[in-house]
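Morning, everyone. Please have a look at the structure on the screen. I'll talk about charged side chains.

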Amino acid sequence: DGFTARQLFGQGTSYTYDDVILHPGPIDFGAHEVSLETEVAKGIKLRTPLVSSPMDTVTEANMAIAMAEVGGLGFVHYNLSVDEQVSFVRAVKNHPVGSATDVNVVDASATFSILAASGRSYAVVTDDGRLGGRYLGVAHASDGKQLSASAKLVDHLAKVSAKKSRDDAHAAIKADEKLEAVPIVSDDGNLLGAETREYLLLRETLPDAGAPSVDAGGRLLCGAAVGTRESDKDRIKALVAAGVDVVILDSSQGDSAFQKSMVLHIRASHPNVKVIGGNIVTRRQAYHLTHIDDGKGGTVSVDGLRVGMGSGSICTTQEVCAVGRGQATAVYHVSSYARSLGVPVIADGGVQNSGHVVKALSLGASCVMCGSMFAGSTEAPGAYVTDPATGVRVKKYRGMGSLEAMQKGSDVRYHSDKNHLKVAQGVAGTVKDKGSVRKMVPYVAHAARQGFQDLGVASLAAARTELDEGCLRMECRSGAAQAEGGVHDMHSFTKVLFG
Ligand code: XMP
């Protein structure tokens with residue numbers, strides 16, 4: 001009944017996630033018992049197999065902190081100066097674990113009108129309006145009701161005493177049901193973060209929200225993207241000094257002499273940092289990045305592979321260059337080869353829902369990288385704007401190969417040539433407000449656990465065995481079957497994803 005992955009993906013057709021449907025297996029465990037524990041690169045363990053893409057509208061410090069706090073990982077993009085990227089990595093590595101960054105911080109000149117416009121019930125006031133600034137107090141929107149909109153928050157601060165640790169802040173919120181946020185400050189009075197009632201409740205309902213990815217010293221894990229130019233060697237040195245755990249060599253076509261020589265450089269100069277190569281879509285490319293001639297009669301391998309070419313929501317690589325592969329096919333073939341060498345694989349791009357996460361993981365990926373799913377969240381860089389045509393709150397999301405991003409420098413990802421002609425391989429646009437990834441990721445992970453339960457496998461390791469032994473059965477869906485698998489024949493409906 002059905003086909004094995006080897007049969008389905010060995011027929012000369014490129015399939016993507018929506019083309020494929022998995023067959024259910026027998027269940028004898030609860031969804032909460034499913035372990036999604038994995039590795040993003042050799043030796044770097046994650047509890048949640050989700051990572052955020054190194055794109056300038058997706059991952060800076062706030063995203064990387066939030067992703068690590070919910071058990072995943074963020075890769076800070078490199079379409080910025082070395083100093084800026086290093087400051088983001090430092091912010092992640094020095095972040096007190098568990099003290100939310102999704103805090104409404106304003107400066108000492110802020111008024112109640114600014115608080116009302118933020119849509120939040122409180123604001124934490126510091127001298128410069130930033131985390132790390134001198135803590136002045138907390139103002140509540142409700143306290144401003146009798147005051148004029150231009151009244152300064154700093155003149156009407158509530159008596160909330162800041163705490164030195166998350167545990168103390170936690171206890172203060174539990175003890176007083178009116179407290180929405182309790183600031184956490186350093187010994188010298190600077191704002192480190194805050195415990196919020198919303199985040200506390202979330203952690204109590206969803207265990208993933210409180211299981212951070214940390215290094216051996218208990219600091220949050222952080223990844224960063226780099227290029228393969230000579231100047232990137234200085235960038236890597238600075239990132240390693242800032243404590244980065246894993247670097248990703250960011251290229252749309254990773255099977256290059258530039259990438260191999262950068263892997264050799266990293267191995268020789270920074271043996272403790274992990275390196276992920278890519279992007280690739282074939283076994284041959286995977287072989288090249290895992291058997292790099294070291295010039296001394298031996299070979300060197302990357303610690304992880306990133307798979308996807310043209311599958312991303314903002315990508316036009318397949319249209320512009322005619323090269324790439326359907327993402328399900330690419331993930332299956334690269335992962336089955338990489339698994340024989342013990343090299344983890346990141347399935348990058350094209351993920352639109354938790355079902356795609358289940359498919360990527362059960363076809364062999366170790367974790368899933370998302371751009372558009374996390375863009376538009378509170379933690380993504382950039383400000384929300386209201387689309388005048390629809391009234392919907394949106395944030396910018398753009399491909400790193402869009403002209404806009406390349407004009408800022410990201411064209412190195414596309415091996416730009418000496419003619420300095422920029423040909424776009426991506427688009428720029430907007431995505432809807434998604435709320436916080438601190439909430440979204442635990443729900444997506446839980447939905448993925450339910451998917452694994454339906455498959456009858458209680459861990460990623462068990463899923464690998466089913467895949468390799470041909471017990472995981474699947475087939476390709478016709479267009480009509482895909483339509484049947486979505487919502488149909490409704491006059492109107494609302495799609496609420498989690499709650
Ligand atoms: P999603 O579907 O999650 O995809 O939005 C994110 C991934 O897309 C890749 N990426 C690009 N690919 N042109 C491309 O062909 C681009 O401009 C571009 N920008 C990002 C990248 O692998 C990312 O993780």
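This is a predicted model: local features need pLDDT of at least 70, side-chain atom pairs count only at pLDDT 80 or more; totals for chains, interfaces and linings use all residues.

How many salt bridges does a search of the whole structure find? It finds 16. I'll pick out a few.

Start with aspartate 232 and arginine 235. Their side chains meet in a salt bridge, 3.8 Å from N to O. A salt bridge here needs the nitrogen within 4 Å of the carboxyl oxygen, so this pair counts. Where do these two residues sit? Both belong to helix α7, which covers residues 232-242. They are 3 residues apart, so about one helical turn separates them. Buried or exposed? Aspartate 232 and arginine 235 are both buried.

Next, a pair from separate parts of the chain. Aspartate 303 forms a salt bridge with arginine 267, and the closest N and O atoms are 2.8 Å apart. Now accessibility. Aspartate 303 has a relative accessible area of 6%, so it is buried. Arginine 267 has 25%, so it is partly exposed.

Last pair: glutamate 404 and lysine 396. They form a salt bridge too, with the closest N and O atoms 2.7 Å apart. Glutamate 404 is partly exposed, at 33% relative accessibility. Lysine 396 is also partly exposed, at 39%.

Key
Residues are numbered from 1 along each chain as its sequence is written. Side-chain values use heavy atoms; hydrogens and water are left out. Helices (H or I, at least four residues) and strands (E, at least two) are DSSP runs, numbered from the N terminus. Buried means under 20% relative accessible area, exposed over 50%, partly exposed in between (1.4 Å probe, protein chains only).
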